[in-house]
Amino acid sequence: MDECKLISNVFKSLAHPIRLRIVKLLSEKELSVYEIVERLGTSQSSISQHLKILEENGIIVKKKRGNSVYCILKYQCVLELLSHGKRIISQELNEAHDIIKNS
């Protein structure tokens with residue numbers, strides 16, 4: 001598979017608000033699937049589908065301990081990527097504000 005396709009898959013896996021919320025939660029600490037479900041207030045099946053996508057694209061790792069499955073971020077650099085996204089949004093908003101202000 002070509003490099004651009006692989007990178008595209010990573011971005012697609014982060015292109016859903018629930019998956020971004022999961023990444024934000026996991027940036028704080030390792031969590032069980034149950035804890036993620038509780039914190040996001042979404043169904044177990046929905047969270048499981050999102051976790052599968054994140055795992056398939058190398059964003060998270062799942063580990064089974066006893067009867068629970070725990071999730072952790074595989075690479076902390078994902079958080080840098082999200083931070084860059086926030087910076088882009090902030091700059092765009094500042095530009096829009098300046099345009100409105102100078103109109």
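Author: The answer below begins with the chain and then turns to the pocket.

This is a predicted model, in which local features need pLDDT of at least 70 and side-chain atom pairs count only at pLDDT 80 or more, while totals for chains, interfaces and linings use all residues. Residues are numbered from 1 along each chain as its sequence is written, and side-chain values use heavy atoms, with hydrogens and water left out.

The protein chain has five helices and three strands; helices (H or I, at least four residues) and strands (E, at least two) are DSSP runs, numbered from the N terminus. Along the sequence their order is α-α-β-α-α-β-β-α. The protein chain is more spread out than a compact globule, because its radius of gyration is 17 Å, well over the 13 Å that the globule rule gives for 103 residues. That radius is taken over C-alpha atoms, and the globule rule is 2.2 Å times the number of residues to the power 0.38. The C-alpha trace spans about 60 × 35 × 20 Å along its principal axes.

The largest pocket holds about 240 Å³ of space. On a 1 Å grid over the protein atoms alone, a pocket is an open set of points where a 1.4 Å probe fits, with protein on both sides within 12 Å along at least five of seven lines, and lining residues have an atom within 4 Å of a point. Grid points are joined across faces, edges and corners, and the volume is the space filled by probe spheres set on the points.

Among the lining residues of the largest pocket are Pro 17, Leu 20, Arg 21, Leu 82, Gly 85 and Ile 89. Helix H2 (17-28) and helix H5 (77-101) are the elements that give two or more residues to this lining. H5 provides the largest share, six residues.

Val 23 is buried, with a relative accessible area of 0%; buried means under 20% relative accessible area, exposed over 50%, and partly exposed in between (1.4 Å probe, protein chains only). Across the protein chain, buried residues make up 25% of the 103 residues.
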